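Visitor: I would like to learn how to read a few features of this structure. Where do we start?

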Amino acid sequence: MSLIKEVDYGTKLATSAVSVTLTIDGEKVTVPQGTSVMAAAMSMGTAIPKLCATDMLDAFGSCRLCLVEIEGRRGTPASCTTPAEEGMVVHTQNARLAKLRKSVMELYISDHPLDCLTCPANGDCELQDMAGVVGLRDVRYGYKGANHLDGAKDETNPYFTFDDSKCIVCSRCVRACEEVQGTFALTIQSRGFDSRVSSGGVDFLASECVSCGACVQACPTASLTEKSIIEMGQPEHSKVTTCAYCGVGCSFKAEMQGERVVRMVPFKDGKANEGHSCVKGRFAYGYATSKDRITKPMIRAAITDPWREVSWDEAFAHAASEFKRIQAKYGRESVGAITSSRCTNEEVFVMQKLVRAGFGNNNVDTCARVCHSPTGYGLKMAFGTSAGTQDFKSVEKADVILLIGANPTDAHPVFASRMKKRLRQGAKLIVADPRRIDLVKSPHVRAAYHLPLLPGSNVAMINALANVVVTEGLVDEAFVRERCDLSEFENWARFIASPENAPEAVEAITGVKAADVRAAARLFATGGNGAIYYGLGVTEHSQGSTMVMGMANLAMATGNLGREGVGINPLRGQNNVQGACDMGSFPHEFSGYRHVSDEATRDLFESLWGVKLDHEPGMRIPNMVDEAVAGGFKGIYVQGEDIAQSDPDTKHVVSGLEAMECVIVQDLFLNETAKYAHVFFPGASFLEKDGTFTNAERRINRVRKVMAPMAGLADWEVTLGFARAIGVPMRYDHPSQIMDEIAQLTPTFHNVSYAKLEELGSVQWPCNDAAPTGTPIMHVDHFVRGKGRFMLTQFVPTQERTGPLFPLLLTTGRILTQYNVGAQTRRTQNNVWHGEDMLEIHPFDAESRGIREGDLVALASRIGEVSLRATITDRVQPGVVYTTFHHPTSGANVVTTDNSDWATNCPEYKVTAVQVRRTNYYSSWQDQDRETSVSLRRIAREAADAAE
Amino acid sequence: MSAASSHDEKLVCMANQIAQYFMSQPHDQAVAGMVDHLRSFWTPKMRRQIMDHAAVGGAGLESLTLEAVQRLAV
């Protein structure tokens, strides 16, 4: 195992189908038209010296180090900016070029510190490498002239430093910020000799920088360096793995010293991220070794008892005996489990197998219940499969992007960068969101239309857009005729064309001007490739599933399916939420979305597992909680999920947990749910296990173990241990064997194996005999269900209404630097940017309540009240307030209700009627939570000491 | 209010919500769609509870809901 060094071609490789053949240093080389001479040379193994060029960026041609001679041309052109041409004859090295390059290096080094031995970039410095390559032995100009050696060091960013004295002003960082990240936070200030890299006149922390790390990655010197490198030195080996944050599923090189992570570097060949990253994946991995990690199994008789550390065997035996006792006393249906969207496919698969084959029921659910379950339902109804239709790369061909209820720059930042790149190339953007998210207007990006709809009015909006398409003759009739069920279409067209769905008719519901809706619909229908991207602002509503079907209707009606640049694209929240759903985590489905009542499917599982399986759907998470409160559900095994913080109506969830007799929590930390647990199985981070994650584009990526599990077992081994104690032995020596079983039982995974993943890097399901290398774009010739199905999407107002007591609408979401319940990010330095959840309130609403910036305010709904600080902003519209739920002390879900989507019970997080007022005290729930946070987390010291 | 009656109320509410979706479809199709939905996604116990509730008058159930729930028993 060594350090993975990717080839840097200097400039991007062209993708043209037309080839050109040229001669470089006497050898013929054939490359796609548009390839630079530098990249052509590298493709045959000749590394032309360079400093300002790197293949993550467009060619710049400033350093003058990559000069070459081309026969028949004058001078010495830069190889990075010169395209390879048919018949061209290039010389990359001779005495003249060597002299020129050495002179260039002399100039660079005359203004650069000569502290190479103690420099953090020692061993990974392109400037040092180039000095070696050109044979620099002395600098004729000396070192005493005007220089920048006293340049200041900016250490304000928690993860990297900027050392101005080591900057060679190659602009790679500035270009990375522009071209790769699309934030434009960096610039070159002043001119000539005074030119310096600047983060906009303020320090890095105060700047627009989003800490994606692209500049650090691009820097060829020690000017921009990870603090971990400064502290620890250079890594000695690395492995490619997959980020454990959002559903983009970025590939990273975990660069290591022994079992210590030195840094996480985005992997250029990662198909989801193509070498880019965000602040979470790139830097916020410190939680994995946090002092808060629990590394020993623990049990206790009552939640008021202190935890007692025990051996794995004792924990398994205790948990199994409790579950057996409960089932003997209360019945087979009295226990269940929740799988984790943060765990691997293999770990999720064995969890649901434990439930179905071991508990003998189908009471298994997953956290997708509270996020994208309507996506699964809606897309399956319309197209026949429960997943997004495109790969991420598809956005490069989109002409009009309709972004609904998603905030990619915060929640899916790496994909947002790809989207912004396409927008800078001229694609048009329509944003439908109650808030003015960054993409509405940010540097070099401006939405053509922002439709600031009121929370709860999504379906009215999508119907109005479709109404315009149908009534103004904008339907793609050829597509509909060929690809869709015509009779369903005609029914739908009649419904959608009715006057009640016209933009003018729904204006009072959506709060959006009819003229804007009409214009947006026309743009989407006629602007070329139309692609819909959406997030939880679509699904987390009482009509979440209806809205997903509404979007599918619009895409079919406009012919925007089945090719690149179009499609319905759910932006999934968690790293493996797609995978958790694929693996059979829902109580009504086996892996591959096959209903438990399907006899043929059940036979397949029964014959392999050797047990009779239940043919009836089991309980969803909210059903489990309700049933626990009602007294019939007594035991739950929760894998990597924190329902006491993430699920709505916290008090109800806690009541359910308190009513159970055995709650098992498997997690890295003693999370909020663990306060109510009787058994704690310590979990393993993504760095401590092998497996796979499946991202939002159905891409199955490998997760590779780089360190031993801190608690001794990977999560799949923990589930196997518990299963063994329950009496359901599962025999796997490695997760690859679990994947083999998944492939055997799941048609869409039939050809997936670890060998295939090694060979291809990653693969998008369906991957089977019909698609042996996977399926980037779905529904190309026909829909999975055959003909596309138009569904009627009547708007039904939510039961959650504003009124005199609760006149505002609360909607919730994420912020860039924190993630979900914050269990990971709160244990990193990301807290520098977001140390507490704030309530965004419009200036009008703030003024009428006497609220000033930073005031503590009470946020009250019909079911609960919490206090948090207010921030006044017109990002939200009057009548709407917004907060995040990253910090348990804020208790955002104490306020949200248990209203849910009609089809899937996905909670209606996005619409809660609330009132806001100034206060000077925290709510009684928060006072109680502070107390229980300590009292319910005690670990018996004697036992802990003895276990040491 | 007891936990059990609160639980029933919730089931009534959930069932009516489902009915609201199917209501825009032709009547027979709506009833069949709703029955299929309840069979596909509700546990046998939940179905039994809502059927028991319907059997004693079905307070709070919309007419489509009531019809679908009654059809469940067939």
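Guide: With a strand pair. A:Ile532 stands opposite A:Ile568 in strand β23 of chain A. This is a predicted model: local features need pLDDT of at least 70, side-chain atom pairs count only at pLDDT 80 or more, and totals for chains, interfaces and linings use all residues. Residues are numbered from 1 along each chain as its sequence is written, with chains lettered from A and ligands numbered from 1 in the order in which they are written.

Visitor: How many bridges join β22(A) to β23(A)?

Guide: Strands are DSSP runs of E, at least two residues, numbered from the N terminus. Two strands pair if DSSP finds at least two bridges between them. Here β22(A) (residues 530-534) and β23(A) share four, and run parallel.

Visitor: Which residues of β23(A) are buried on each side?

Guide: In a regular strand, side chains alternate between the two faces of the sheet. Buried takes 20 or more other C-beta atoms within 10 Å of a residue's own, exposed 12 or fewer, with C-beta atoms placed from the backbone. In β23(A) (residues 567-570), A:Gly567 and A:Asn569 are buried on one side, A:Ile568 and A:Pro570 on the other.

Visitor: Now a helix. Which residues of α2(B) are buried?

Guide: A helix is a DSSP run of H or I, at least four residues. The buried residues of α2(B) (residues 27-41) are B:Val31, B:Met34, B:Leu38 and B:Phe41. They lie on the same side of α2(B), because their arc around the axis is only 130°, taken from the directions from the helix axis to the C-beta atoms. The face turned away carries exposed B:Asp28, B:Gln29 and B:Asp36.
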